[in-house]
Amino acid sequence: MAQNIYPMSEEYEEYLIDESKYSGYADSISFPKSEEEVAGILKELSQKGIPVTIQGGKTGIVGGAIPKGGHLMNLSRMNKALGFWEEEDGTGRIQVQPGINLIDLKKEINNLFRKNPQFWPVDPTETSASVGGIAASGAQGINRILYGKSGQYIESVRIMDYEGQVTKLCRGESKALSGNECVDALTLALGKEGITGIITELTLKLLPKPEAIWGLAFFFEKNEQAAAFVDGLKEEMPKNDFASIAAVEYIGKASLVMIEESRPFMTRIKELPGIREEIEAMIYMEVHGQEEGIEEIAEQLMELAMECGGDPDEAWAVSEEAEIEKLHIFRHAAAEMVNLFIEKQHRKDRRITKIGMDMMCDGTFGQTLGSFEKELSALGLKGCIFGHAMENHLHVNILPESYEEYCKGIELMQKWAVRIGKEQSIFPGEHGIGKLKKEILGDLLADAYIEQCKKAKELFDPGEMLNRGNIWN
Ligand SMILES: Cc1cc2nc3c(=O)[nH]c(=O)nc-3n(C[C@H](O)[C@H](O)[C@H](O)COP(=O)(O)OP(=O)(O)OC[C@H]3O[C@@H](n4cnc5c(N)ncnc54)[C@H](O)[C@@H]3O)c2cc1C
């Protein structure tokens, strides 16, 4: 084997499982540091016809970065910033290698844009996720109600095919697929879960940092009260010329209990006030803008929370960066706790993996939440519910105590997919399909979406050597 291709051994076992606890196997692994190195490795592999699975930070939750044989290419060492500049409109640009994670990206941006501080608005909360992985999996941030989809903040990518050929895909450029269908070039890489090639470089669009950010949390003793609060926001979102609400995240009882139980071991959130046992739901919010505009919105939110039965004295409101980070970590812990639970169950029974809902639903927030709760309890299943409240995009995670419950959970997921799928044209949600959701949802996946993925694959990877097993293949 070439110097930078290593035979798979116990030392690399951690690369064979992702955060969903979906696991796989590979014959060899590599950790390239540059585009040239990626091309060199591919040259060697393509001569032998060895398929390749691409991996970033392996924080994905659908098994997309997990190999089923062949070679595993981990890009976490391609983690450098390559260039930066500011456009005339005051927005920044940064060119990065794909393996840079969100923590290092933030550090680089803070260092490079000292005069006119900037930020990348994409925030899927998991800071060890790589920018390449975010682009490929179509991950979205919790701030998308203000800033829009993550793809808007990717200007161009360089993508390498199995033969080592690089194509630059830029926003606004058109590419023809078979059947003369034309699509925006970037869509051939974004959200395609690596089936079209290896993203080796990205140019990211940045925005000037808001002058101020507040983190807020409201607590409710009844889910119905939290739902009334969210549906009230949907009717009339407090807003003014100086500030806007950026995030509205729901965290349900089961998640709050799990976070509270783990609090003593979580250094960053230990100092946050304890949450009363009677509390059934928390709404985490972020407001971005100028101080006076934020204060006005915060007051309106307090009033609405009070009208819905929340106690304003119990609410949290912080504006220091370090304090906001604690709240942010608290919200993130809702997802982390589920993954830790699944990890524990997976150790007892290797067949158990994460099973979670990742789709937007029609209707009010109250109806959406109510129907999930009812269906879980009808089957006697425990579930953790949290997620993006304004879009009814809840992550309903099933917490199986046994393989039997896991199977019941899968049936429930399939039932939801049939019901919700009819209301939606797009299926992959924000986590992608990978291998895990393909196995669980199979034929239920939206045909139009799969067809488009197949056409993109035909263009870049007709031999089907990259990321086999993802989405449909
Ligand atoms: C606790 C927790 C909370 C999370 N919360 C959210 C959330 O709120 N919103 C959300 O959207 N996601 C969330 N995620 C999911 C996860 O963070 C994202 O899917 C992330 O984008 C994956 O990035 P990664 O670098 O870890 O990619 P990986 O897991 O390594 O890979 C993900 C997919 O991208 C492909 N890929 C990776 N790098 C490249 C590349 N350079 N070129 C081509 N293909 C590539 C892989 O093959 C795979 O198919 C969460 C995850 C965890 C663990």
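**The ligand shell and the cavities**

Biologist: From which domains does the shell around the ligand draw at least three residues each?

Modeller: In this predicted model, the chain is divided into domain 1 (5-77), domain 2 (81-208) and domain 3 (212-325). The shell around the ligand draws at least three residues from each of two of these, namely domain 1 (5-77) and domain 2 (81-208).

Biologist: Which helix gives the largest share of the shell around the ligand?

Modeller: Strand S3 (52-55), helix H3 (131-137), strand S12 (198-205) and helix H8 (321-348) each supply at least two residues of that shell. The largest share amounts to 5 residues, and the element that gives this share is H3.

Biologist: How many residues surround the ligand, and which are the closest?

Modeller: By class, the residues of the shell divide into 13 nonpolar, 19 polar and 6 charged. Together 38 residues surround the ligand, and the closest are Ile54, Gly56, Gly57, Thr59 and Ser130.

Biologist: How much space lies in the largest cavity?

Modeller: The count comes to 4 cavities of 30 Å³ or more. Residues including Pro121, Asp123, Gln140, Arg144, Lys149 and Tyr153 line the largest cavity, and its lining has 4 nonpolar, 5 polar and 3 charged residues. The space in this largest cavity is about 50 Å³.

Biologist: How far apart do the C-alpha centres of domain 1 and domain 3 lie?

Modeller: Domain 1 covers 5-77, whereas domain 3 covers 212-325. The distance between the C-alpha centres of domain 1 and domain 3 is 40 Å.

Notes: Residues are numbered from 1 along each chain as its sequence is written. This is a predicted model: local features need pLDDT of at least 70, side-chain atom pairs count only at pLDDT 80 or more; totals for chains, interfaces and linings use all residues. Side-chain values use heavy atoms; hydrogens and water are left out. A residue is near a molecule or strand if one of its heavy atoms lies within 4 Å of it. Helices (H or I, at least four residues) and strands (E, at least two) are DSSP runs, numbered from the N terminus. Ala, Val, Leu, Ile, Met, Phe, Trp, Tyr, Cys and Pro count as nonpolar, Asp, Glu, Lys and Arg as charged, and the others, Gly among them, as polar. Domain bounds come from an automatic or database domain assignment. On a 1 Å grid over the protein atoms alone, a cavity is a set of points where a 1.4 Å probe fits but cannot get out, and a pocket is an open set with protein on both sides within 12 Å along at least five of seven lines; lining residues have an atom within 4 Å of a point. Grid points are joined across faces, edges and corners, and a volume is the space filled by probe spheres set on the points.
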